[in-house]
Amino acid sequence: MMYALPSFFLLLFLLAEPPLAAPYDGPIYDSSAYTQCKARSEGPLYNGGILKGARWDIPRVLADSVYSPAFVLRNLVPGTKYCFSSWVKIKGVDSAPIRASLMSENRTINCVGTVTARRGCWSFLKGGFVLDEPLDYSLLFFQNSDERAVDISITSASLQPFTDQQWSINQQYIINTERKRAVMVHVANTEGERLQGAEITVEQVSKDFPFGSAIAKTILGNLPYQNWFVKRFNAAVFENELKWYATEPDPGNFTYALADQMLEFVRANQIVSRGHNIFWEDPKYTPAWVQNLSGPALKSAVNDRIQSLMSKYKDEFVHWDVSNEMLHFDFYEQRLGSNATLHFYETAHQSDPLASLFMNDFNVVETCSDVNSTVDAYISRLRELSWGGAVMNGIGLEGHFTTPNPPLMRAIIDKLATLQLPIWLTEIDISNTLSKETQAVYLEQVLREGFSHPSVNGIMLWTALHPYGCYQMCLTDSNFHNLPAGDVVDKLLKEWQTGEIRSQTDDHGSYSFFGFLGEYQVTVRYGNKTANSTFSLCKGDETKHFSIQL
């Protein structure tokens, strides 16, 4: 759907943020997405944008006289976010992974969007790109990712540019309407008379949106690390301490001591925790003794793993990543058959019915070049398991980025959002091949995309601190002095929290504000009387009214 900007909310946006020089009249981001193959395509987003009225300019001959449509683009601008979409239909095969790419004289962007297209109906491709240099002349073309000869037809193509400011305004609008809510506090005396001029102090004491990081055993007994973590985060995930190789290094030798101690830390600080993971499909991270098993012995071992882990930690973790990175690896299905993963989900749900069970994989939002984990590959696997009877409660997107592509990231989340399941960014970091300053710039882009998408329910960083550093990206040094990425996190945490408010009630005895969702503490003083109270600000379209009596 397109997020219209009603005049009331536009006024809200202008009042809540630094005022713009003029009312916003730029493009409004369209989050429409489709996962079904349709007999008739929908119309183009943005009425086609800069492709309005255009037909593909050059049919590219791919092989065996098979043609691929292509658009000639001129004068593309660096830094601009280009949102691309099209409906695609194929001939020659029943289905094929179709990739849109951008090529110029000097460079090629291998993938700006993908779709699994089918014969005889139209499938929706949505993506985008950002350039780091101007392109006077470029070609936007389509090809079959598996290189089979396929005839490709397109319709309702659209390419909509957004400047950095326009993109930011659209992000902020969603934050203001999805992550915040209007509040009106009413102050009266015991006779019901409204009190004008009462001094009011409002403070947000906790946040509704889960924002956290991985932790490791290194946090145990490390008070500076614990204080640093608790000051910032309300969610955690154990980096390795729940994985099978950590909890059962030898057959029947179950060891949960480290995980128990880490769980005590998060419990003591009222931090929600994700369970990561029950199984990891990558054989490299499967216990050595398990790799030597097959048939009934392996089946017995996996059942013992689920029962031991899930019975011990029932009701402790809000999520479980059940079969980690199943789009890229299939250790268990190779040995136990095609229903192995389905069995894992069924057994995990029976063991802990209230825990949300997630898929979790990489290269879903980071890129569209990985054919194993395109958005349609993710959706197809999730639906396959759900139709088989698996209870699938959540979408986990790891988010190990090198160079983020914000419009592509948003487009992919748009498409996943059509499944109407909670979406979490579960392992966010930026590659250590980049400078710490560049890591910080890219991290901010990713976090703003996540927080400003209404279907993202939580964000986890993959930044557990070790003596050697972190997996890819650290927020602090070993003395807990912020690195550039840590400065970005602190800046956004402050930006996404309602600061302390001190004001007075109006002539109706009321005071109104827009606050981020979460828990609040209110103090009111009038004359020699003081009253304290608390309230919860949950998501809702209506103004939250709260009364306090002196």
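The expected span of a helix is 1.5 Å times one less than its number of residues. I wanted that handy before opening this predicted model.

**Helix α11**
I started with α11, which covers residues 406-417 and has twelve residues. From first C-alpha to last I get 16 Å, close to the 16 Å expected. Next I asked myself: is α11 enclosed or open? Twelve of its twelve residues are buried, so the rest of the structure largely encloses this helix.

**Salt bridges**
I moved on to charged pairs and found that the structure holds 18 salt bridges. I looked up a few of them.

In helix α10 (residues 375-387), Glu384 and Arg381 sit three residues apart, about one turn of the helix. Their side chains meet in a salt bridge at 3.2 Å, N to O. Then I checked how buried each partner is. Arg381 has a relative accessible area of 12%; buried means under 20%, so Arg381 counts as buried. Glu384, at 46%, is partly exposed.

Helix α12 (residues 436-451) has a pair too: Arg448 and Glu444, four residues apart. Their salt bridge is 3.0 Å, N to O, and both residues are buried. What else are they linked with? Lys491 and Glu495 join Glu444 and Arg448 in a network of salt bridges.

Last one for today: Glu500 pairs with Arg502, with the closest N and O atoms 3.0 Å apart. Arg502 is exposed, at 61% relative accessibility.

Terms used: Residues numbered from 1 in each chain as written. Predicted model: local features only at pLDDT ≥ 70, side-chain atom pairs only at ≥ 80, totals over all residues. Heavy atoms only, no water. Helix = DSSP H or I, 4+ residues; strand = E, 2+ residues; numbered from the N terminus. Buried < 20%, exposed > 50% of the residue type's maximum accessible area, 1.4 Å probe, protein only. Salt bridge = Lys/Arg side-chain N within 4 Å of Asp/Glu carboxyl O.
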